[in-house]
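Reader: I've got a structure on my screen and I'd like to learn how to read it. Could you walk me through it feature by feature?

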Amino acid sequence: MQINGTLINYYFHCRRQCYLHGNKLNLEDNSELVKIGKVIHEEKAKGKNSEIEIDNIKIDRLSKEYVTEVKKSDADIEAAKWQLLYYLKVLKSKGMIRKGKLEIVEKNKTEKSVIIVELNEKEENELEYYIQEIEKMIHSDSIPERLEKSTCKKCAYYEYCYI
């Protein structure tokens, strides 16, 4: 499977989820929370330059200055930030230099509903490392350990990991 933004996000959020999704085990179609997130995403994007597909990435919105990624909640800002940085890296490789804008619909942990990120050389090098790690992990015969976190109960893969 080719690396994409979802895999980058899952790598930071949960390695097991990344591994399973990367090996084409997709349980998200059965998740009510994922369905809610998709509806919020569609409503937020109405009437705007939305969901542009370039190679292996799907960008929520693209303007002259920003690549915008819309997230339902601020549950895992770090994972969303790296996903957005990955999009910036892919666009940069095509000669399109942009800043990233992370729009959060439901705020629980952060004060901001919009977070601006910029790709720098350090993060670009880190992304290369993470991409290699994801590729190794996906092609491995061993499944990463499950997380023992309360947030796992809301995950689309909960039944796989715990039942």
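Reader: Let's start with E65: what is its relative accessible area, and is it buried, partly exposed or exposed?

Author: This is a predicted model, so keep that in mind throughout. E65 has a relative accessible area of 42%, so it counts as partly exposed.

Reader: Which residue does E65 form a salt bridge with?

Author: The general idea first: side chains of opposite charge can pair when their charged atoms come close. Here the partner of E65 is K99, and the closest N and O atoms are 3.6 Å apart. K99 sits in strand β4, while E65 is in the loop between β2 and β3, so this pair ties together parts that are 34 residues apart in sequence. K99 is partly exposed too, at 28% relative accessible area.

Reader: How many salt bridges does the structure hold?

Author: Ten. One of them joins K81 and E78, at 3.8 Å from N to O. Both of these lie in helix α4 (residues 77-93), three residues apart, or about one turn of the helix. E78 is partly exposed, with a relative accessible area of 41%.

Reader: What about K136 and E133, how far apart are N and O there?

Author: That salt bridge comes out at 3.0 Å. K136 and E133 are three residues apart in helix α5 (residues 121-139), again about one turn of the helix. K136 counts as exposed at 54% relative accessibility, whereas E133 is partly exposed at 21%.

Reader: Now a charged residue without a salt bridge. How far is R16 from the nearest side chain of opposite charge?

Author: That side chain belongs to E145, 5.5 Å away. A salt bridge needs the nitrogen and oxygen within 4 Å, so R16 has none, although it is buried. R16 is found in helix α2 (residues 15-22). Beyond its neighbours within four places in sequence, R16 contacts I143, P144, E145, R146, Y160 and C161.

Reader: How do I read the way two helices pack, say α1 and α2: at what angle do their axes cross?

Author: Look at the angle between the axes and at how close they come. The axes of α1 (residues 5-13) and α2 come within 6 Å and cross at roughly 150 degrees. The two helices are therefore roughly antiparallel to each other. On the α1 side T6, L7, Y10, Y11 and H13 take part, and they meet R15, Q17, C18, H21 and G22 of α2. Sorted by type, the residues of this contact are four nonpolar, five polar and one charged.

Reader: Backbone next. Which phi value does D55 have?

Author: About 50 degrees, which is positive even though D55 is not a glycine. D55 lies in the loop between β1 (50-54) and β2 (57-62), and at 54% relative accessible area D55 is exposed. K24 is another non-glycine residue with a positive phi, near 65 degrees. You'll find K24 in the loop between α2 and α3 (32-45), exposed at 65% relative accessibility.

Reader: And N56, is it buried or exposed?

Author: Buried, at 17% relative accessibility. N56 is in the loop between β1 and β2. Leaving out residues up to four places away in sequence, N56 touches Q2, I3, N4 and Y86.

Reader: To zoom out, how many helices and strands are there in the protein chain?

Author: Six helices and five strands. Along the sequence they run α-α-α-β-β-β-α-β-β-α-α. Of the chain's 163 residues, 41% count as buried.

Note on methods: Residues numbered from 1 in each chain as written. Predicted model: local features only at pLDDT ≥ 70, side-chain atom pairs only at ≥ 80, totals over all residues. Heavy atoms only, no water. Helix = DSSP H or I, 4+ residues; strand = E, 2+ residues; numbered from the N terminus. Buried < 20%, exposed > 50% of the residue type's maximum accessible area, 1.4 Å probe, protein only. Lys, Arg positive; Asp, Glu negative; His and termini not counted. Contact = heavy atoms within 4.5 Å. Axes fitted to C-alpha atoms, helices over the stretch in contact; angles between N-to-C directions. Parallel < 35°, antiparallel > 145°, perpendicular 65-115°, else oblique. Nonpolar A, V, L, I, M, F, W, Y, C, P; charged D, E, K, R; others polar.
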